[in-house]
Amino acid sequence: LQNTPLHSIDPHPHSLFHSFDPSQIVACVVYPAATIIAPGEIEHEDGWRLPVGDIVSRELLDSEIESNAKIVSNVLEDGGFKSFVLDEIRSEIWLKLWGSAVFNPVSALCHASLGTLCGWSGIETWMKLVMEEVQNVGEKVGCKMRVSLEKRLIGAAKVGDHKTSMLMDVEFGRKSELEPILGAVIEIAALTNTPVPRLDTLYNLMKLLEHVTQESSTDQTPFKVVLTKE
């Protein structure tokens, strides 16, 4: 799939694809969990890891020039984050996506935090089946998972009572990140002839939720009830 733009991330006429030199792009996997408290106010909840990597293999770049990924990693380290350079950043991206493509839409549909979602035994078997579809697509494009599916679930559960980005988007009546997170996996599945029936269903349920939420939303802030004692 090299040099194949994804419509879910970069719709026609693929402005991003035609505007940036891949050798200058640094990928970063964002593991910290955070919540938007107010515009411009973010509450950090868990995690400091920000691994980075050059999109183009170092073998194809000038070995005498310090990699862009290393430069970015040093800046992040100076800022207090735990950052390091990975030679195979695509597999790390897919490792994060392995969970996000499932946890995000399910949490939004159920209005459940990550801890509640991963601790609910009633859907654990089903979520594993959906995650297996994500894994199958990743392996079709050469991505390898460095942890087991069970460990990926345990790691997500350890984050605790955290709202996923899609759940926060739904609560605020905003358009979610459905396309780049789940839509991209489904698009790659189609390009590699990989069946993903459960992902297709999850995607369409989220599209319906977005339609209903945005149609009925007249305010950009979630509804709150505040009780005060006289």
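Threonine 194 touches Asn136, Val137, Lys140 and Ala189, leaving aside residues up to four places away in sequence; contact here means heavy atoms within 4.5 Å. The model is a predicted one, in which local features need pLDDT of at least 70 and side-chain atom pairs count only at pLDDT 80 or more, while totals for chains, interfaces and linings use all residues. Residues are numbered from 1 along each chain as its sequence is written, and side-chain values use heavy atoms, with hydrogens and water left out.

**Threonine 194 and its loop**

- Threonine 194 sits in the loop between α8 and α9; helices (H or I, at least four residues) are DSSP runs, numbered from the N terminus.
- With a relative accessibility of 10%, threonine 194 counts as buried; the classes are buried at under 20% relative accessible area, exposed at over 50%, and partly exposed in between (1.4 Å probe, protein chains only).
- The side chain of threonine 194 makes a polar contact of 3.0 Å with the side chain of lysine 140. A polar contact is a pair of N or O atoms within 3.5 Å; within protein, one must be able to donate a hydrogen and the other to accept it, and residues adjacent in sequence count only if both atoms are side-chain atoms.
- Asparagine 193 is also placed in the loop between α8 (178-191) and α9 (197-216), and is exposed at 68% relative accessible area.

**Backbone geometry**

- Most residues other than glycine have a negative phi, and most peptide bonds are trans.
- Asparagine 193, although not a glycine, has a positive phi of about 55°.
- Histidine 14, likewise not a glycine, has a positive phi of about 60°. This histidine 14 lies in the segment before α1 and is buried, with a relative accessible area of 11%.
- The peptide bond from histidine 12 to proline 13 is cis, with omega near 10°. Proline 13 lies in the segment before α1 (15-19).

**Salt bridges**

- The whole structure holds seven salt bridges, each defined as a side-chain nitrogen of Lys or Arg within 4 Å of a carboxyl oxygen of Asp or Glu.
- One of them pairs glutamate 92 with arginine 146, with the closest N and O atoms 2.9 Å apart. This pair links distant parts of the chain, 54 residues apart: glutamate 92 is in helix α3 (residues 89-110), and arginine 146 is in the loop between α5 (124-140) and α6 (149-158).
- Glutamate 92 is buried at 6% relative accessibility, whereas arginine 146 is exposed at 52% relative accessible area.
- Lysine 128 and glutamate 150 meet through their side chains in a salt bridge (3.9 Å, N to O). Lysine 128 lies in helix α5 and glutamate 150 in helix α6, so the pair ties together parts that are 22 residues apart in sequence.
- Lysine 128 is partly exposed at 21% relative accessibility, and glutamate 150 is partly exposed at 42% relative accessible area.
- Glu124, Lys128 and Glu150 are linked in a network of salt bridges.
- Glutamate 171 forms a salt bridge with lysine 163, the closest N and O atoms being 3.0 Å apart. Both residues are partly exposed, glutamate 171 at 26% relative accessibility and lysine 163 at 35% relative accessible area.

**Cysteines**

- The structure has zero disulfides, a disulfide being a pair of cysteine sulfur atoms within 2.5 Å.
- Cysteine 110 is in no disulfide, and the nearest cysteine sulfur, in cysteine 118, is 12 Å away. That distance is too far for a bond.
- Cysteine 118 counts as buried at 18% relative accessibility.

How values were computed:
Helices (H or I, at least four residues) and strands (E, at least two) are DSSP runs, numbered from the N terminus.
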